[in-house]
Amino acid sequence: MSLLEIKNLYARAEEQEILKGVDLTVEPGQVHAIMGPNGSGKSTLARVLAGDAVYEVTDGQALYKGQDLLDMDPEVRAREGLFLAFQYPVEIPGVSNVYFLKAALNAIRKHREEPEMDAMEFLAYVREKMKLVKMEESLLQRPVNDGFSGGEKKRNEIFHMATLDPVLAVLDETDSGLDIDALKIVADGVNSLRDDKRSFVVITHYQRLLNFIVPDVVHVMVDGRIARTGGKELALELEERGYSWLEQKVATGAAAPVEA
Amino acid sequence: MSTTLVSDAVEPYAIAFEKLRGELPGGDRVTELRRGAMQRFGEIGFPDVRQEEWRFTDVSPIARTEFDLSPSAGSLDAADLAPYSYRDCYRLVLVNGHLAPELSDLAGLPSGVEVRGLAAALGAGSEAAEAEVGRHAAYAEHPFVALNTALWRDGVLVRVPRGVVLDKPVNLVVLGTPGGQPLAFFPRVLVIAEESSQLTIVEQYATLGEGRYLSCPVTEIVAHPNSVVDHYKLQRESSSAFHVATFQIHQERDSNVSSHSISWGGDLVRNDVNAILAGEGCEANLNGLYLVEGDQLVDYHMRVEHVAPHCDSHELFKGILEGSARSVFNGRIYVHPGAQKTDAKQTSRNLLLSRDALCNANPQLEIFADDVKCTHGSTVGQLDDTAIFYLRSRGIGEEAARSLLTYAFAADIVERIRVPQVRQELEEFLFRRLPKGDIVRQAV
């Protein structure tokens, strides 16, 4: 069974149609990259998958582990193993990063009928995860994202991801605006979590990330749909030619999606 | 017609005053002050909503109630007091306006420091008490200050002499024990921090029993040069309580007063907070947090007067409103001519958790000096949907996510509280009040 199966997905925000028939299938253990110009609907797709109520799904379906994903509350999706790394992580002053994560992890474990972790167990567990993203201890004790730099916020998302141990992780432009060192840390974090069961959907505007996270499948999204699908060489082609040739093809109705 | 109403409402107070005046404490000056205040109350009566200062706070339910204006102390024991008796504090307890020495604990009070009943202090000829009571809280334009000034039976004197740092906080517990006829009491608190002294005081207002009552305290703080006063007020009375309080601060040169006013109890709650920065180099930090639900009303009327140059005043007030609760924040900053280099900052933020909750925020800056920094900011809002979604996307349920963000809103006031017992009390209250508080407790 595919881990994620999206069929003909349409979604809108307020009166504007943004997703216009997305089809996407992700198998266990795969890394998919979704690229595309600004405004093509990449981030909308990520947020619809995580359950952001800003968006209304008007048609199509998304099956996750064979279940209707769109029918689940956002927290249920998370407890079922879906993780979204936010493009713009939210600052939560007054709520400590580490205690918040403990509460989140225990909510997930409870849902999976696993015993909750006590403070000692959790601290030992989380120290291992911190190494993955070279997190400083001080960021653990501070309020969630409060006063973090842009790079620290992105690293913190990867740290949350590592801690919550998802089955499907969606990264929404986690690479944007990162210097090369931070980018490598993010990529190393993802790569170290790759295994034959865990899948990733990596949304990016820039091909650069894919030098460090090598995808199995690359999609290009244009105007609310997947306009092109290929292997990792597609990303290189995009790097050279830009997106405009694809946008033109979509406009003339000539771009037929190619199966990977 | 309205004049008839005023005199009708005023009359019981005048009668009570005539009956009680012989037994009310105070020497010549205080007695004269009482007489003047009662007379003034007779002239102005209870305010109504046509008056600017009372526009959003209708006290007619108070004016209409027939209170027992001379309630007895009732008898309480240590178990009744347990929830309010913080460890490692000097404790004084007032019950229905009477001092309860048997519930108080002043063991180990350093010699020279006065923490005692105000009536007893006046009776023993305390010069400081006789000279300072009523010198700062002006009654002429405030009917409830007038009532308190005329009718107070007892209260507390805290006086820390020059250069002394009081080792433990003073915990003042003001209890109302209603039941039967509504009762009213008028506690009077006088805090004198002499030159270069330092003290911490916690005022708690709480209820034992059920029924209507009015607690109408006036607290005066006199901060002499270079003194440091850390003040906390915890208003946690029952939902049948009227609470109308005035907190008057007088600061002299280089003094530093900070106050945190926490209010979650009461039916109708009005706090007038007035600070006069009379000498150069003063600092006043006046913060507050109120949480109201149901039909509660909480009203903070702030007035900070910069009289002298080089003074800083910072006000941060946060409100969390549910149900059809209402709040009023009226923040006046008055900078006198010559109060150059004033740095005055006022922030009021309100979080509305329901459709029917309502807040009125009204900053008023009057500036008569030209080299000053005065800022004010006021926000009213709901919880941020993106933040809720962010927390839910990590597996936290919606209700818990909302509670976490509500806690986060309050957190920067909670974190400023330096008395651990008070901070813990507030945290525990938040965990109890907020849905899924156990998750909040775990996550903060």
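Mentor: Let us begin with burial: a residue counts as buried when its relative accessible area is under 20%, and as exposed when that area is over 50%. The model is a predicted one.

Trainee: What makes strand E7 of chain A mostly covered?

Mentor: Of the 5 residues in E7(A), spanning 92–96, 4 are buried. Each of those residues therefore has a relative accessible area under 20%.

Trainee: Why are strands E2 and E5 of chain A said to stand at the edges?

Mentor: The open sheet has 4 strands in the order E2-E1-E4-E5 in chain A, with antiparallel pairing. E2(A), residues 16–26, and E5(A), residues 67–68, each have a single partner strand, so one side of each lacks a neighbour in the sheet. The partner E4(A), residues 55–64, pairs with E5(A) over 2 bridges in the antiparallel sense, and Tyr64(A) is opposite Gln67(A) of E5(A).

Trainee: How do you know that the length of helix H4 of chain A agrees with expectation?

Mentor: H4(A) has 14 residues, 119–132, and at 1.5 Å a residue should span 20 Å; the end C-alpha atoms are 20 Å apart, so the two values agree.

Trainee: Why are the buried residues of H4(A) said to line one face?

Mentor: The buried residues of H4(A) are Phe122(A), Val126(A), Lys129(A) and Met130(A). Viewed down the helix axis, they fall within an arc of 105°, so they line one face. In general, an α-helix has 3.6 residues a turn, so residues three or four places apart point the same way. On the other side of H4(A), Met120(A) and Lys131(A) are exposed.

Trainee: Which element makes the largest contribution to the lining of the second largest pocket?

Mentor: That pocket holds about 550 Å³ of space. Of its 28 lining residues, those closest to the centre are Glu53(B), Glu141(B), His142(B), Asp272(B) and Asn274(B). E14(B) gives the largest share of the lining, 5 residues. Elements that each supply at least two lining residues include helix H7 (143–151) and strand E12 (241–251) of chain B.

Trainee: What is the make-up of that lining by class?

Mentor: The lining has 12 nonpolar, 9 polar and 7 charged residues.

Notes. Residues numbered from 1 in each chain as written. Chains lettered and ligands numbered in written order. Predicted model: local features only at pLDDT ≥ 70, side-chain atom pairs only at ≥ 80, totals over all residues. Heavy atoms only, no water. 1 Å grid on protein atoms, 1.4 Å probe; cavity = no way out; pocket = protein on both sides within 12 Å on 5 of 7 lines; lining within 4 Å. Points joined across faces, edges and corners; volume = space filled by probe spheres on them. Nonpolar A, V, L, I, M, F, W, Y, C, P; charged D, E, K, R; others polar. Pairing = 2+ DSSP bridges. Expected span 1.5 Å × (residues − 1). Buried < 20%, exposed > 50% of the residue type's maximum accessible area, 1.4 Å probe, protein only. Arc of directions from axis to C-beta.
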